[in-house]
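Today I am going through one chain, starting with the terms and then moving from the overall picture to the details.

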Amino acid sequence: MNTKRRHLRESSTRIALRSLATGIAVILQLGLAGCGANYPELSKIRGQMATEQLDVAEPVANSVGMILVPIPAGEFQMGTAVSAGDGKKKVQQPPGAEAEQPQHKVRITKTFLMSICEVTQGQYEAVMNESPWKEQPLTREGKHIAATYISWEQAQAFCKALSELENATYRLPTEAEWEQACRAGTTTAFSFGDDGKQLGEYAWFDENAYKAGGQYAHAVGQKLPNAWSLYDMHGNTWEWCSDFHGSYGEQTKKAKGDVLVDPIGPEKGSQHVWRGGGFSENGVNLRSASRNSYGRVDYRPEFMAGFRVVKEVT
């Protein structure tokens, strides 16, 4: 009987220890994903910046705690190439790829600064004195969590207010600037390569966020950055660009095969572009060239609507 009781006590102890370990793991995960996470430090960012960035400018920090890094001027291939295949069978294209074609060469002529992270709740509140995400579904609160429920108009108003506060020109990136910054010199599906299995190291998306119980935007800067020290370019929140959504075909037709120089999109439209994918998206919608979720131009869930800013270099 004593032996049986001892085994029962040992079994209960093991169960209790496993429960404690699980609880600690959950607490740590929530802490990293929420208000306990820290914003990256300026010294760390400078230390990991690429040579081509340091050759043109230093990283800067502003009065609301943003860090911005230089994005060098240059050329890149924008969009998704049409795969030729072997002529025997139709090549499978990523969902929504037709909106990313034809692939075309773009030249960005001026270096600009881009915030290393999406605008956080703390930064947004400091500038606008409002909290659009409060009491909304699929959110958590914390000063380092990416701001969501932000309309394009609100993002524009934030840039205007921040410009006045800083006596500088802040704005949304153009779609071309955003993709150039996301790619950081790469030509692969993602800024880190073509292997989607690595996505969890760089992004919050459906597999490690929404389907895992983290149904909210997470604290910024907790995943690995791209080669230009930009965090969360894949996943977490969709990010507004300044352009109206338009056909690449129309833009390239006007260029008559030449390089598109500092494109700003069509003059008018019904929707503005957003990029990067969000925490409930499938990984295929987080590619560097992705313009929307599965090609749905009108799909604009507010709970994933965020942004990051550009500061013009004078």
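Before anything else, a note to myself on naming: helices are DSSP runs of H or I with at least four residues, strands are runs of E with at least two, and both are numbered from the N terminus. I also keep in mind that this is a predicted model.

**Entry 1: the pocket.** With the naming settled, I looked up which elements each supply at least two residues of the lining of the largest pocket. They are β3 (74-78) and α6 (175-183). I then checked which of the elements gives the most, and found β3, with four residues. The volume of this largest pocket comes to about 360 Å³. Its lining has 22 residues, and I noted those closest to the centre: Gln77, Arg183, Thr186, Thr187 and Thr188. By residue class, I count seven nonpolar, 11 polar and four charged in the lining.

**Entry 2: the whole chain.** Stepping back, I found eight helices and 11 strands. The chain has 314 residues, and 48% of them count as buried. I also looked at contacts with a separation of 6 or more: 75% of them join residues 24 or more positions apart.

**Entry 3: the five-stranded sheet.** In what order do the strands of the open sheet run? I read β1-β2-β5-β11-β6, with antiparallel pairing. The edges are β1 (60-61) and β6 (170-171); each has a single partner strand, so one side of each is left without a neighbour in the sheet. A reminder for myself: strands of a sheet pair through backbone hydrogen bonds, either parallel or antiparallel.

**Entry 4: strand β7.** Is β7 (residues 238-244) mostly covered or mostly open? I found it mostly covered, with five of its seven residues buried; buried here means under 20% relative accessible area. I then looked up its partners. With β10 (residues 305-306), β7 pairs in the parallel sense over two bridges, and Glu239 has Gly306 of β10 as its bridge partner. With β9 (residues 272-275), β7 runs antiparallel, joined by three bridges. There I noted that Phe244 is bridged to His272 of β9.

Note on methods
Residues are numbered from 1 along each chain as its sequence is written. This is a predicted model: local features need pLDDT of at least 70, side-chain atom pairs count only at pLDDT 80 or more; totals for chains, interfaces and linings use all residues. Side-chain values use heavy atoms; hydrogens and water are left out. Buried means under 20% relative accessible area, exposed over 50%, partly exposed in between (1.4 Å probe, protein chains only). Contact means heavy atoms within 4.5 Å. Two strands pair if DSSP finds at least two bridges between them. On a 1 Å grid over the protein atoms alone, a cavity is a set of points where a 1.4 Å probe fits but cannot get out, and a pocket is an open set with protein on both sides within 12 Å along at least five of seven lines; lining residues have an atom within 4 Å of a point. Grid points are joined across faces, edges and corners, and a volume is the space filled by probe spheres set on the points. Ala, Val, Leu, Ile, Met, Phe, Trp, Tyr, Cys and Pro count as nonpolar, Asp, Glu, Lys and Arg as charged, and the others, Gly among them, as polar.
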